[in-house]
Amino acid sequence: MALPLCLGISLASGAPLLAGIITGIVGGVMVSWLSGSQLSVSGPAAGLTAIILTALQTLGSFEAVLAATVIAGALQVVMGLVRAGIIGLYFPTSVIRGMLAAIGLILILKQIPHLLGVDTDYFEDMSFLQFDGQNTFTALSGALRSFGWGSALIGLVSLGVLLFWENVLAKRVAVLRMIPGALVVVLLSIGISSLLDVALPVLRVRPEHLVQLPNITSWSDFMNVFTQPRWSAFMVPATYTVAFTIAIVASLESLLSVEAVDKLDPQKRATPTNRELMAQGAGNMVSGLLGGLPMTAVIVRSSANINAGGQTRMSAFLHGLLLLISLLFLDTILNKIPLSALAAVLLVVGYKLTKPALYRTQWKLGWRQFLPFIVTIVAVLLTDLLKGVTIGLVVGIFYILKTHYESAYFLRQSPELQAAGVYHLKLSEHVSFLNKASIVRMLEQFSPGSRVILDGTESEMIDYDVLEAIENFRQSAADRGLDLELRGIPQVEVMGH
């Protein structure tokens with residue numbers, strides 16, 4: 001699957017076709033060993049295509065973009081050294097699960113046109129607005145109205161065989177579990193396509209619906225694959241702006257991907273995030289020097305790796321090695337693979353990411369978990385990965401703030417104290433500025449004649465903003481007819497008093 005993914009992203013980025021292949025090779029052969037993740041697969045990322053297109057216009061050439069990619073890689077290495085990878089730990093589980101479910105839905109919606117032989121959009125586009133002017137739903141509608149019968153036949157047969165292989169045959173025959181269903185489907189699709197060429201030419205799969213790998217027949221062809229950065233671009237300020245943008249977006253996407261992969265890992269291994277940033281940075285430096293696109297850890301290929309039975313980083317390494325071998329020796333065979341067969345494989349991957357059971361589980365956890373989850377899904381579907389996750393994160397933060405708002409204090413009020421009009425407010429162990437609103441609101445509710453005991457004896461930290469609000473309350477308590485006692489709460493100077 002990596003071949004059409006790499007080629008498609010190159011096409012969408014406006015880069016030389018082989019740039020994506022180079023990135024995939026570097027991501028597999030090199031980054032797999034530098035990274036601490038056992039299952040993530042790195043390569044060119046759909047989330048960076050818009051950035052590369054804009055960078056080509058800003059900097060004027062692909063060689064200048066390569067220089068920015070090298071700088072971006074160096075910035076990522078520095079980010080790893082200063083331990084910026086901890087950012088990835090601040091994304092709530094509900095948002096990560098929502099991102100995975102959304103990617104599954106996008107894969108299903110995006111791959112149906114490819115399954116039916118409509119390939120106007122590139123193979124791994126994950127954005128709602130496509131580079132061909134359509135969006136996810138208009139592309140799907142168009143595919144259902146006009147499609148290629150030959151590609152559709154191969155796609156549907158491939159989908160049926162894959163489901164039967166994984167859910168029936170592999171479960172009943174132990175030896176078949178050693179053979180990935182995706183490999184069976186790819187070989188079968190080549191056979192059906194060749195048969196249609198001979199027996200039913202009217203259903204022949206058109207060349208644009210097949211994998212298209214450039215033909216390398218000599219050493220000079222191979223050397224022409226690589227493009228060097230334009231060294232003079234290192235003196236242009238705009239290059240550093242592009243590099244910073246690439247570094248930030250690629251780092252966030254990689255951290256989100258490895259976080260999601262860790263949740264999919266059957267062994268629940270944890271990826272060291274700072275090491276991941278340094279690995280991605282080193283990969284981007286080498287990719288830029290060789291003429292490749294910027295890379296990230298990619299959730300789609302990583303999910304396919306897990307579903308195919310990958311256990312260690314050796315699978316990602318071999319994938320990169322096979323990309324190189326394919327580029328050099330197997331182009332004739334691989335160029336016979338129909339894209340509709342690969343789309344069938346990705347449809348199954350998508351379903352596994354967005355199973356109905358996931359939605360039921362999140363619903364049972366309550367609104368605090370379900371709402372950020374479902375908002376993330378809708379936002380990712382209608383925008384793109386990073387924007388959608390950001391929107392989901394905002395909803396998640398709202399619930400975090402709400403929890404802080406509700407946990408600022410504990411009101412001790414026995415029936416005897418209540419009858420006497422005594423209120424004992426015991427502050428939490430840590431009281432931050434996030435708790436100020438709930439404390440102020442509570443203090444405003446006391447009626448004249450009440451005795452209020454504000455107790456901070458067990459608080460290790462009380463934020464200045466809260467102390468200032470308490471001091472304002474202390475100064476106005478007598479005028480309101482309140483008897484106030486402060487315990488363990490230091491007085492602060494308030495502006496204007």
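**Exercise 1.** Decide whether Phe 373 is buried or exposed in this predicted model.

*Solution.* The cut-offs come first: a residue is buried under 20% relative accessible area, exposed over 50%, and partly exposed in between, with a 1.4 Å probe and protein chains only. Phe 373 has a relative accessible area of 0%, so Phe 373 is buried. Applying the cut-offs again, Phe 370, at 13%, is also buried, whereas Trp 367, at 49%, is partly exposed.

The model is predicted, so local features need pLDDT of at least 70 and side-chain atom pairs count only at pLDDT 80 or more, while totals for chains, interfaces and linings use all residues. Residues are numbered from 1 along each chain as its sequence is written, and side-chain values use heavy atoms, with hydrogens and water left out.

**Exercise 2.** Work out what kind of aromatic pair Phe 370 and Phe 373 form.

*Solution.* Rings of Phe, Tyr and Trp (its six-membered ring) pair if their centres lie within 6.5 Å, and planes under 30 degrees apart count as stacked, over 60 as edge-to-face and the rest as tilted. The structure holds 8 aromatic pairs. In the pair of Phe 370 and Phe 373, the centres are 6.1 Å apart and the planes stand at 45°, so this pair is tilted. Trp 363 and Trp 367, by contrast, form an edge-to-face pair, with 5.6 Å from centre to centre and 70° between the planes. Tyr 359, Trp 363, Trp 367, Phe 370 and Phe 373 form one aromatic cluster.

**Exercise 3.** Find which residues Gln 362 touches, not counting residues up to four places away in sequence.

*Solution.* Contact means heavy atoms within 4.5 Å. Gln 362 is found in helix H16 (residues 356-364), and with a relative accessible area of 0% this residue is buried. Beyond four places in sequence, Gln 362 touches Ser 94, Arg 97, Gln 369, Phe 370 and Phe 373.

Note on methods. Helices (H or I, at least four residues) and strands (E, at least two) are DSSP runs, numbered from the N terminus.
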